[in-house]
Amino acid sequence: MKKREYFRTLTTVSLLLSITILLANTPLGFIPIGPIAATTLHIPVLVGAVLMGPKIGALMGLLFGLYSMLRAYTTPTVTSFIFMDPMVAVLPRVLMGYGTGLFYALLKKMDKTRITIATYVLGILLMGYMVFQAVMQLRSGGSPWAFGSLGILTLALLLFLWKSRVERSDIYLSAALGTLINTFGVLGMIYILHAKGYMEVIGQSADSALTAIATIAVVNGIPEVIVATIVVSAVAGAAKKVYRRL
């Protein structure tokens, strides 16, 4: 690696890691969407994977995972014991970074028309789910904020896909995949390794662990996909031009 490229990569990784730490210590790390909260802590990893490839993406995921473990030890909560386990805190994040970078590299070689069609199909499915959730909130007597925020997020995704350029479709799909790897990877490892302990601290029966964790994966995961798709494509799309000039 040339000296210029080395310093460019080091600077970018440091900046993205700093953003992760900032998000983790401010309300920006969790965006309330109706009755749920979508995390944004993984977004710098996705941006790094798109900008610099799967290896750097894996490195970003490793650093994110290690920081997650550090927070679990230094500012413990009732569920922190889960994130003290590197199989939960680190492994899924490394896979997220590597998988996102690898998937993005593969998409760059594919036909743009098919990628664009796949992007709009994904967008329609996500919007359909969010509309469903908004209607369910309204029918169940949920707060106007819950209904309104879900509706606003749905509208934002619709407008974003409509106005954004076709060449960013590969970023949309990569961000969506990376988010799913993170969400299902972390929750999957919790179910495999810590289901009983997790259910005890949240006051539910261990017999309902699969249902409870799967519900969290779907309810939180889909809004996180939408947020990541919008933010990563906007940030990475603009940052790619600047990154190439460094």
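These notebook entries record what I looked up in the structure above.

**Entry 1: the model.** I noted that the model is predicted, that local features need pLDDT of at least 70, that side-chain atom pairs count only at pLDDT 80 or more, and that totals for chains, interfaces and linings use all residues. Residues are numbered from 1 along each chain as its sequence is written, and side-chain values use heavy atoms, with hydrogens and water left out.

**Entry 2: overall layout.** I found ten helices and two strands in the protein. Here helices (H or I, at least four residues) and strands (E, at least two) are DSSP runs, numbered from the N terminus. Along the sequence I read the pattern α-β-β-α-α-α-α-α-α-α-α-α. Of the 246 residues, 47% are buried; buried means under 20% relative accessible area, exposed over 50%, and partly exposed in between (1.4 Å probe, protein chains only). I then looked up contacts, meaning heavy atoms within 4.5 Å. Among contacts with a separation of 6 or more, 76% join residues 24 or more positions apart.

**Entry 3: helix α2.** Is α2 enclosed or exposed? Ten of its ten residues are buried, so α2 is largely enclosed by the rest of the structure. The buried residues include Ile43, Leu46, Val50 and Leu51. Just after α2, I noted that Gly53 takes a positive phi of about 100 degrees.

**Entry 4: α2 against α3.** I compared α2 (residues 43-52) with α3 (residues 54-74): their axes come within 7 Å and cross at roughly 160 degrees. Axes are lines fitted to C-alpha atoms, for helices over the stretch in contact, and angles run from 0 to 180 degrees between N-to-C directions. The two helices are therefore roughly antiparallel to each other, a label given to angles over 145 degrees. The crossing of α2 and α3 is right-handed, that is, the near helix is turned clockwise from the far one by less than a right angle. On the α2 side the contact is made by Pro44, Val45, Ala49 and Met52, and on the α3 side by Pro54, Ile56, Gly57, Met60, Gly61 and Phe64. Ala, Val, Leu, Ile, Met, Phe, Trp, Tyr, Cys and Pro count as nonpolar, Asp, Glu, Lys and Arg as charged, and the others, Gly among them, as polar.

**Entry 5: α3 against α6.** I next found α3 packed with α6 (residues 91-107) at an angle of about 160 degrees, the axes being 7 Å apart. α3 and α6 are therefore roughly antiparallel, and their crossing is right-handed. Among the contact residues are Gly57, Gly61 and Ser68 of α3, and Arg93, Gly97 and Gly101 of α6. This contact has eight nonpolar, six polar and two charged residues.

**Entry 6: nonpolar cores.** A nonpolar core is a set of buried Ala, Val, Leu, Ile, Met, Phe, Trp, Tyr and Cys residues joined through side-chain atoms within 4.5 Å. Which residues have the most contacts inside the largest core? They are Val47 and Val232, in a core of 24 residues. The helices α1, α2, α3, α6, α9 and α10 each supply at least two residues, and α2 gives the largest share, seven. Leaving aside neighbours within four places in sequence, I saw Val47 in contact with Leu16, Val232, Val235 and Ala236. Another core, of 13 residues, lies apart and has Val186, Ile190, Tyr198 and Ala209 among them.

**Entry 7: Gly188.** I located Gly188 in helix α9. At 25% relative accessibility, Gly188 counts as partly exposed. Its C-alpha atom is separated by 8.1 Å from that of Ile213, 25 residues apart along the chain.

Notes:
Angles under 35 degrees count as roughly parallel, over 145 as roughly antiparallel, 65 to 115 as roughly perpendicular and the rest as oblique.
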